[in-house]
Amino acid sequence: MALREHLLELRKRLFLAACGLVVGALVGWFLYEPLLDALQAPLQQAAEEQGKLITLNFSGMASALDMKVKVSLFLGVLVSCPWWLYQLWAFITPGLTSAERRYAIGFLAASVPLFLGGALLAWWVLPHAVDILAGFVPDDATNLADAQGYLSFVMRLVLAFGLAFVMPVVLVVLNAAGMMRASTMARGWRWAVLLAFVFAAVMTPTPDALTMIFVALPICGLYFGALGISYLHDRRVDKRDAARLAL
């Protein structure tokens, strides 16, 4: 595809992904109250355990409305993840043959549970992070967490974990499209492991190393799983090309 065609395809996929996000956000709008209760649960738990006043603070007249819109969009991203992940796949692999396209669809199907699995892992980390961070508040002080800032913190945490779990699927799709060989991925395995542990250390602000290891190991495992699948794919492609040259 020419550059102009790539840009047009990108605009098309972004537009379709945005439409799916809007639909998901409408669902989030009606589920705002239970989702807000779930978001406040870690704060309430930390307040009970530490005996402090820790709660959300809406600092402006329009902040409550802004919070509802952002929470709706946040849930919209989660609800519509199969749709926008499909648009990502469709943009990356427009030139595959029908057989290769069917092969890639299987990995697209894996990306949805992986994204949701990463989001669930972030949700498991969230109460631990809130408890640790709230522990730095002096005993004679209160923590009125800004609603907008707290929501941004949660959104970054959940989306970062979800996208980190999807990255191995993207690597496999790039390999299936002939854009990256397994040998290239293998040469960078040390950097991949290092980045996984750095990511886990940054995204889990807890003092124990065990939590960091529990977060980093699944990411490393997914990377090496993608590497193994890519090696098998490259071996089949090399055998097929060798057979064609022998004819």
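Author: Leaving aside residues up to four places away in sequence, Ala17 touches Trp83, Trp84 and Gln87, where contact means heavy atoms within 4.5 Å. The model is predicted, and for that reason local features need pLDDT of at least 70 and side-chain atom pairs count only at pLDDT 80 or more, while totals for chains, interfaces and linings use all residues. Residues are numbered from 1 along each chain as its sequence is written, and side-chain values use heavy atoms, with hydrogens and water left out.

Ala17 itself lies in helix H1, which covers residues 3-30; helices (H or I, at least four residues) and strands (E, at least two) are DSSP runs numbered from the N terminus. Its relative accessible area is 16%, so Ala17 is buried, a word that means under 20% relative accessible area, with exposed meaning over 50% and partly exposed in between (1.4 Å probe, protein chains only). Ser80 stands 63 residues away from Ala17 along the chain, yet the two C-alpha atoms are separated by 8.4 Å.

Cys19 has a relative accessible area of 34% and is therefore partly exposed. A search of the whole structure finds zero disulfides, a disulfide being a pair of cysteine sulfur atoms within 2.5 Å. Cys19, accordingly, is in no disulfide, and the nearest cysteine sulfur, which belongs to Cys81, is 17 Å away.

The protein chain has nine helices and two strands, and from the N terminus on its elements run α-α-β-α-α-α-β-α-α-α-α. Its C-alpha atoms fill a box of roughly 80 × 40 × 25 Å, taken along the principal axes, and buried residues make up 39% of the 247 residues. Among contacts between residues at least 6 apart in sequence, 83% join residues at least 24 apart.

Leu210, by contrast, is 76 residues from Ala134 in sequence and 20 Å from it in space, C-alpha to C-alpha.

The packing of helices comes next. Two packed helices are described by the angle between their axes and the distance between the axes. Here axes are lines fitted to C-alpha atoms, for helices over the stretch in contact, and angles run from 0 to 180 degrees between N-to-C directions. Helix H3 (residues 63-79) and helix H6 (residues 147-176) pack at an angle of about 10°, and their axes are 10 Å apart. That makes H3 roughly parallel to H6, given that angles under 35 degrees count as roughly parallel, over 145 as roughly antiparallel, 65 to 115 as roughly perpendicular and the rest as oblique. On the H3 side the contact includes Met67, Val71 and Phe74, and on the H6 side it includes Leu151, Met155 and Val158. By class, this contact of H3 with H6 has eleven nonpolar, two polar and two charged residues; Ala, Val, Leu, Ile, Met, Phe, Trp, Tyr, Cys and Pro count as nonpolar, Asp, Glu, Lys and Arg as charged, and the others, Gly among them, as polar.

H6 also packs with helix H9 (residues 209-246), at an angle of about 10° and with the axes 9 Å apart, and H6 and H9 are therefore roughly parallel to each other. Among the residues that meet are Phe161, Phe165 and Leu171 in H6, and Ile219, Leu222 and Tyr223 in H9. The residues of this contact of H6 with H9 divide into 14 nonpolar, three polar and one charged. Val169, which lies in H6, counts as buried at 9% relative accessibility, and its C-alpha atom is separated by 12 Å from that of Gly228, 59 residues apart along the chain.

H9 has 38 residues and reaches 55 Å from its first C-alpha to its last, close to the 56 Å expected, where the expected span is 1.5 Å times one less than the number of residues. Its buried residues include Val215, Ile219, Tyr223 and Val237. Cys220, with a relative accessible area of 9%, is buried too.
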